[in-house]
Amino acid sequence: MTRAEVTEIFAVLMMAYPNAEMFKAPDKDSLKAKLAPTITLWTTCLRDIDFWAAQQAVIRAVSYTHLTLPTNS
């Protein structure tokens, strides 16, 4: 995957888990700086992974966790 594709995956994860410690930052530039090393690592390690396959994996993971995590209601 390219850096742009990995960044898109992280955007989806950030929307699914807005309270995750990983996505907490005082502003947009700080968040970019915080995520840059992880995005670089993912880009390097997942170079041969198809973007569509990665999207499907994230969709399944998010769907599964949202169905199995307890709610506050």
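Is R47 exposed or buried? R47 counts as exposed, at 55% relative accessibility. The classes used here are buried (under 20% relative accessible area), exposed (over 50%) and partly exposed (in between), with a 1.4 Å probe and protein chains only.

This is a predicted model, in which local features need pLDDT of at least 70 and side-chain atom pairs count only at pLDDT 80 or more, while totals for chains, interfaces and linings use all residues. Residues are numbered from 1 along each chain as its sequence is written, and side-chain values use heavy atoms, with hydrogens and water left out.

**Overall fold**

The protein chain has 3 helices and 0 strands, in the pattern α-α-α along the sequence. Helices (H or I, at least four residues) and strands (E, at least two) are DSSP runs, numbered from the N terminus. The C-alpha trace spans about 40 × 30 × 15 Å along its principal axes. Of the 73 residues in the protein chain, 21% are buried.

**Helix 1**

Helix 1 has 14 residues, and its first and last C-alpha atoms are 20 Å apart, close to the 20 Å expected at 1.5 Å a residue. The expected span is 1.5 Å times one less than the number of residues. V6, I9, F10, L13 and A16 are the buried residues of helix 1. They lie on the same side of helix 1 because they cover an arc of only 115° around the axis, the arc being that of the directions from the helix axis to the C-beta atoms. An α-helix has 3.6 residues a turn, so residues three or four places apart point the same way. A4 and M15, on the other side of helix 1, are exposed.

**Selected residues**

I9 lies in helix 1, and S30 has its place in helix 2. R47 is in the loop between helix 2 and helix 3 (51–68).

| Residue | Relative accessibility | Class |
|---|---|---|
| I9 | 4% | buried |
| E21 | 55% | exposed |
| K24 | 42% | partly exposed |
| S30 | 29% | partly exposed |
| R47 | 55% | exposed |

S30 and E8 are separated by 22 residues and by 17 Å. R47 and R3, 44 residues apart in sequence, are 9.2 Å apart.

The structure holds 1 salt bridge, defined as a side-chain nitrogen of Lys or Arg within 4 Å of a carboxyl oxygen of Asp or Glu. The partners are E21 and K24, with the closest N and O atoms 3.7 Å apart.

**Largest pocket**

The largest pocket has a volume of about 170 Å³. A pocket is an open set of points on a 1 Å grid over the protein atoms alone, where a 1.4 Å probe fits, with protein on both sides within 12 Å along at least five of seven lines; lining residues have an atom within 4 Å of a point. The volume is the space filled by probe spheres set on the points, which are joined across faces, edges and corners.

The lining consists of T7, F10, A11, M14, F23, K28, L31, K32, L35 and I39. Helix 1 (3–16) and helix 2 (28–45) are the elements that give two or more residues to this lining. Helix 2 supplies the largest share, 5 residues. By class, the lining has 7 nonpolar, 1 polar and 2 charged residues. Ala, Val, Leu, Ile, Met, Phe, Trp, Tyr, Cys and Pro count as nonpolar, Asp, Glu, Lys and Arg as charged, and the others, Gly among them, as polar.
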